[in-house]
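User: I would like to learn how to read the features of a structure. Please take me through one.

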Amino acid sequence: MGFDGVLVVCCMLGSAQGASRHATTTTLTISPSPSVAGATVTLTASIDTAASDERVAGAVEFYSGVTRLGTVAVAVTGATQASLNVKTFSVGEHELTARYVGHQRFLPSASIPIAHIVTSE
């Protein structure tokens, strides 16, 4: 009987590890856009998946070009989103992206780059 218990644990672990990961889509919204230098800009990433029966978990990294602005956990209640407030944008154009890093059951994805304009006034 002890052998049966070990066999069950073995098979359950194998099943969990072999589970498929679901594709995701990440969409970035910026508010306000355009913005004024020094103003707070909210970056919001929405993560969608075809696996409607499961909640997306993990984190989102926000970038301006290749510079990481911050990493935020995906909200576990309400909409599947992560938001970051940024006040440090200088005057000019900034190419912003959001990258969902993935999780045990979900594949990573990235938003398309969005050009965000920051003015002096």
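User: What should I know about the model before starting?

Analyst: This is a predicted model: local features need pLDDT of at least 70, side-chain atom pairs count only at pLDDT 80 or more, and totals for chains, interfaces and linings use all residues. Numbering starts from 1 along each chain as its sequence is written, and side-chain values use heavy atoms, with hydrogens and water left out.

User: How do I read strand pairing, and which strand pairs with E1?

Analyst: Strands (E, at least two residues) are DSSP runs, numbered from the N terminus. Two of them pair if DSSP finds at least two bridges between them. Here E1 (residues 24–31) and E3 (residues 41–49) run antiparallel, joined by eight bridges. Within that pairing, Thr-26 faces Ile-47 of E3.

User: How many bridges join E3 and E6?

Analyst: Six, again in the antiparallel sense, with E6 covering residues 81–86. Ser-46 is opposite Gln-81 of E6.

User: How do I read burial? Is Ser-64 buried or exposed?

Analyst: Ser-64, in strand E4 (residues 59–64), has 15%, so Ser-64 is buried. Contact means heavy atoms within 4.5 Å. Beyond neighbours within four places in sequence, Ser-64 touches Leu-69, Phe-89, His-94, Glu-95 and Leu-96.

User: Where does Gly-65 lie?

Analyst: Gly-65 is in the loop between E4 and E5 (67–73). Gly-65 has a relative accessible area of 32%, so this residue is partly exposed. The C-alpha atoms of Gly-65 and Ala-115 are 9.9 Å apart, although 50 residues separate them along the chain.

User: How do I read charged pairs, and how many salt bridges does the whole structure hold?

Analyst: A salt bridge is a side-chain nitrogen of Lys or Arg within 4 Å of a carboxyl oxygen of Asp or Glu. The search finds one. Arg-68 and Glu-61 form a salt bridge at 3.0 Å, N to O. Glu-61 counts as buried because its relative accessibility is 16%.

User: Which residue lies over the face of Tyr-63?

Analyst: A charge sits over a ring if NZ of Lys or CZ of Arg is within 6 Å of the ring centre and within 35 degrees of the ring normal. Arg-99 does this for Tyr-63, at 4.0 Å from the ring centre.

User: How do I read polar contacts, and which side chains does Ser-109 join?

Analyst: A polar contact is a pair of N or O atoms within 3.5 Å; within protein, one must be able to donate a hydrogen and the other to accept it, and residues adjacent in sequence count only if both atoms are side-chain atoms. Ser-109 reaches Thr-24 at 2.8 Å and Thr-26 at 2.6 Å. Ser-109 lies in strand E8 (residues 109–110) and is buried because its relative accessibility is 14%. Its contacts, leaving aside neighbours within four places in sequence, include Ala-98, Arg-99 and Tyr-100.

User: What should I look for in peptide bonds?

Analyst: Most peptide bonds are trans. The bond from Ser-31 to Pro-32 is cis, with omega near -5°. Ser-33 and Pro-34 are also joined by a cis bond, with omega about 0°. Pro-32 sits in the loop between E1 and E2 (35–36), and Pro-34 is placed in the loop between E1 and E2.

Terms used:
Helices (H or I, at least four residues) and strands (E, at least two) are DSSP runs, numbered from the N terminus. Buried means under 20% relative accessible area, exposed over 50%, partly exposed in between (1.4 Å probe, protein chains only).
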